[in-house]
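Welcome! Take a moment to look over the sequence and the 3D view, and then we will walk through them together.

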Amino acid sequence: MAKFTDVLLVEDDPITIMVCDRIIKMSSFAERVKSCENGKVGIEYLSGLAADCSAPTIIFLDINMPVMNGWDFLEEFDKIKSRFKSLPRIYLLSSTVDPEDYKKAKKFTLVQDFISKPLSKEALQNIN
Amino acid sequence: MINSLVDSMASNNISFLNFIEKLLSETNTGWLVVDDNRKIINFNGAYHQFHNLFNESRLDIETVLRDGDFKSFPDSFISNLKRVLNRETEKVKLQIDYLGSLTLSFSISMVYISSDEDNFEGALIMVQKKESRSATTRKPENEDFYKILINTSTSVYQLTDAALVFTYTSGAIEEILGYTAAEVLGKNAIELVHPDDKEHVRDWLINIRRQPEKLLTAEYRIKNKQGVYIWVENNARNMLSDASIKAIVMSFRNIQTKKVADDALIHAEQRLSLLLNNTEESFILLNSRLRIVTYNKAAQERSPFFYNVELQSGISVLDLISKNEIAEYISLFEQVFKGKEIERETKFVDANKVAHVYSHTFRPLFNSQEDIHGVFITSTEITERKKLTEEVALHSDRLKTAQKIARLGYVEFDPATKNFFCSELFYEILGVPELLDNCRQLSLLRNMVHPDDKELVKKEIQDAIVHGKDFNLEFRFNSKDGLTKVILAMGGSEKDEFGKTVKLRVTLQDITDSKMAILALQTLESKFKSLFENSIDGVILSKEDGDIVSANPAVCKMLGYAHSELINVKSHDLLDIDSSLVANMAQVQKDTGSYIGELFLKHKKGYYVPVEVTSVLMKDGNGNCYLSTIIRDITDKKKIEGEQKALTEELLKNNQDLQQFSFITSHNLRAPVANLLSLLSLYNKDNPLDEFNQLLIEKFEEATQQLNQTLNDLVNVLVIKSNPNIERETVSFTDVFIEVKKNVDNLLYLQKGSIKANFSQVDQIQYSRIHLESIFLNMLSNAIRYSSPDRNPEIKITSYKTEDWVIVEFEDNGLGMDLNRYRDRLFGLYQRFHGHKEGKGLGLYMTRSQVTAMGGKIEVESEPGVGTKFKIFFKLQD
C-alpha cells in the first residue's frame, strides 16, 4: 500500500526523472508518478485535469528549468489553485546552493520543504 | 598861571596864538588880540558883548581898531593901546564904566605880546566885568540892568504866557541851541522836547501853572538847530500873578556834559554791582570800626559757611564769629590796619558731607589821603585748587612710583654745563654702572650705544638741543652684561625766555621684549600672509552682511574672478540660495558659529563648483563680526569619488556575478553528481546482470558526459572572466562576419533565412578577434535558432558610432520574448527560455561576459511574436 496516490514531478533532466520515478516506486511512496519537463508543461497538465477532481497530493518541483522555471510555476499555480478541492503539498527538489532560493521558497505557503538532490529514500520517509 | 601854561606850551609844542586862544576860550574874560597895526586878529564872545555896549559898528576880524570907531569909548582905550604897541609900557590896566540905564564897570588890561615863531607882535586886551556886586544891590526896576545881566549870562532866560507860549528869550539861546530868538518866540514850551521826555515835561509844566511862585526844576532833552538832542536843566517859576511880570519865568542851562558823566557814573555803578553780585567771589566791605558797610550776593549766600550770624549792614564783623575766634580776628585786623594783606582758610562740610575749603583775603582800603579807612574781605572756594595743590605735593612721589612701575628711566641733561641727573632705574635699565665723574659717565654711555645707531642718537639729541625738537627714538644699546637691548627714548627740551635750551628731559624704556614680540608677530603675520596668498585652499573673509572683505588668489582662481571683482560680490551671490545645503549651512552657522561641509559655489561663468568649506564666525578687536571661510575645490575629489562609486558598484556587481556564478556552477556540478549518486544507489550489486543495471550504466555514461560538458563550459567561462586584459588588435566587422557566417550558412539555408550586414559607418575596432567572433556567432545562431515558425528569418546587422561607443545592432524577426518576465535572467548562466531547443543557457551569458570584460555593455529590445534587437556597445579606446 503506497503512502500517497498521485505524485507530480516537474523536472527537466531525464536522468533525474528516471531516478526519482524509480525511488518513489521502490519505496512505495506513491501509486502513480506523473512527470512534466518544465513548469509550463506542469501548469498545462494541472489545468487539464477535470474540474473538482483532486490535485496530486505531492509535487516535487525543480527550480532551474527552461521555458518556465520552478518560481514561475509557483506563481502560475497560485492562479489556478482555486479549482482544486484539496491543495497539493509542494517540495522543492534542487541542487541549488544559492541562499536567495531558500529565502524565496518561504514566500510560497504551498512549499513544504526544500529537498536537496538526489532524492533519497530517507527524504521520502520524512514526508507523511 | 600863565607861566605854567607857557611851560606846557613849550613841551606840547603848540603855537603861541593857539595857546592864547585855548587859554582865553576857557575863561569868562573877554579878550581881543590885535597886531602892531591894531588889526584885529581874534576875539571872543565876552569881548564882543563888551564891544556892543559901546559901539554900533560890528567887530570883525582883519579890521583895524581906529580912534573914531569907538563912539562912546573913552579916549584912554586907544591911547593906552598905542602906548603898549609902541612898547612904551609892558602892561596897562584901566577901568571903563558903562553909563547907560545901569552902570557897569569893566577892568581892562592890555599886554604886549610877541612870538618869534609866528613873527608876531601885538597886544592882548582883556576885559573883566566888575558889575556883580553893584548889580545885585541895585534895584530891579531897571530893565536895562536885567537885560545886561541876562545877556551876559550863560543861562537862557525865557518868559512864557499862561498858554506856555514863549514871549521872550535871551540871546544865549543861540549859543546853546543854535536858534535865534525870533525862531523861538511864539512857540510852545513843549515843542522841541524829546518825545521820551514830553510826558514828564508836560507834568512839570502843569505843576508850574498850578503852583504859583514855586520854583520847579526839570531835566529833559531839547532838540537843537542841528537836530541833536541836548540835556538841559530848566528852573521855572510861575509869576503870572505878579503884576509887574505877568509871565512864567524860565531859565535853562546846558547840562549835556554833566548828564553824560552822570549816566556813565550810574552805568559804572550798575556794572560794578552787577559784577559784584554775579561773581563767585564774595565781597564784604568794612569800615574802620569793623562795621559792615556793604556786601555782595555771593557773600550773603555763603555767610552761613563761615559765620554764625546772617550778614547785615551796620553790624560788627566780630558779631559774626564765635567768641573763641575773636582774639584771632583782632590780631588779624591789627595786621590789616598796618597795611598788610592777610589770607586765611576755613573749611566747611556741607549737608552731603562734602568738604569745601575757602580762602579769605583781608585787604586794607586806602582813601585819597593814603589812610586806611576800611577793610575789604574777599572769600573764594579753593577746594579744587587745594586738592590740586595736595596732588602736586604727592606728584613727585607718584612720578617716582610710576617710573618704577613703568620701568622708565629718567635723565635730565643741561647742555651748557654738561651736567646731568639720572634716576636709579636709568642705570638699571641700561645696565651701566654709575660713575662719579660726569665726563667718564658720558663717554661710557656713548660707547655702549650700538655702533649702527650712534649717528642717529647723536643727531636726535643735537636737534633737541639746538632746535628744541621733541624726539622719540629707538636705538640699540650694548649693556654691560653683553646683551643688546632695544631702548625707546622720548625726550623734550626746556627753553629759557630767549629760546635757548636749558634742559633736556629724557625718559628711557627697555622695549627689547616688546620689540622681539613685534618682530615675532610680524614674522607670523608675513607667514600668515604668505600662507594666505599661496594656499591651495581658497580663503574668504566676509562681513556679517555678506560683503567680501578679502579673498586670496586661490579662491579667485577657483571661481574665475579677479580679486577686485570678488571684493564687490556679496558672499551669498556665490551660493545657490535655493539649495538645501545652503539653508543647512546658515542654520548650523547660526547655532554653532562654525560650519564644515560641502557646498556648491557659483563660478563667474555660471556653473557650480563643488567645494568643501570650513567657516568660522569671529570678532575683531572692535567687536565687528567676520566670517572666515576656507574653501577647497573638490571637483577632482568628487570626480574620483564618482569613479570610486562606479568602481565599487562594478566591483559589487562583479562580486555578485561571481557569487551567482559560483552558485550556478555548484548547482550545475551538483546536479550530474547527484544523478551519478542516485544511479549508483539504484545499481544492483548483488546481481550485476540485472536488466535495470544496463539502463543505469547507460545513464551513468550520460551523466558523466553531462558533468564533463558542464566542467568544460565552466572552464571556458572562467577563461573569459579571469582574463579581461586580452590583447586587442584591429578587427574588421566585415571579416569577422564573413568568417562566422560560414558556420551558420547551413542552418540559414535550411530555414530560408537572410542576413543584411551594413558596416559602412564603422568597420574597424580594436578588439579581441576571438571574442568578437564568439559574440557574432552567438548572436547569429540565437537569431536563427529562435526564429519564428511563421516566417523566414531576416537578420539585420548594423554598426555605427557615438561619442563613446561603437555599437553593433543584431535585429531579427524571430520569436521575441516577454522582457518584463525574462529581462533579469536573460543573460544569466544556464538560463534557458525555450524548452524544445538544444540551448544550454550559456550563450548570452558568455556573450555578455565577453563584452563586459572589454569594458562594453549589451542591451536588448524585444517584443513577443515580432522580434528581438540586441545592441552591443564596444567601448572606444582612447
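Which residues of the largest nonpolar core touch the most other members? They are Phe733(B), Leu772(B), Phe776(B), Ile797(B), Phe870(B) and Phe874(B), in a core of 37 residues. This is a predicted model, in which local features need pLDDT of at least 70, side-chain atom pairs count only at pLDDT 80 or more, and totals for chains, interfaces and linings use all residues. Residues are numbered from 1 along each chain as its sequence is written, chains are lettered from A in the order in which they are written, and side-chain values use heavy atoms, without hydrogens and water.

- A nonpolar core is a set of buried (under 20% relative accessible area, 1.4 Å probe, protein chains only) Ala, Val, Leu, Ile, Met, Phe, Trp, Tyr and Cys residues joined through side-chain atoms within 4.5 Å.
- A second, separate core has 29 residues, including Val7(A), Ile23(A), Leu679(B) and Leu707(B).

**Where the chains meet**
- In contact (heavy atoms within 4.5 Å) are 28 residues of chain A and 29 residues of chain B.
- Ile15(A), Met18(A) and Asn64(A) supply 25% of the area that chain A buries against chain B; buried area is the accessible area (1.4 Å probe) that two parts lose on being put together, summed over both.
- That area is about 2,400 Å² between chain A and chain B, and carbon and sulfur atoms give 54% of it.

Notes: Buried < 20%, exposed > 50% of the residue type's maximum accessible area, 1.4 Å probe, protein only.
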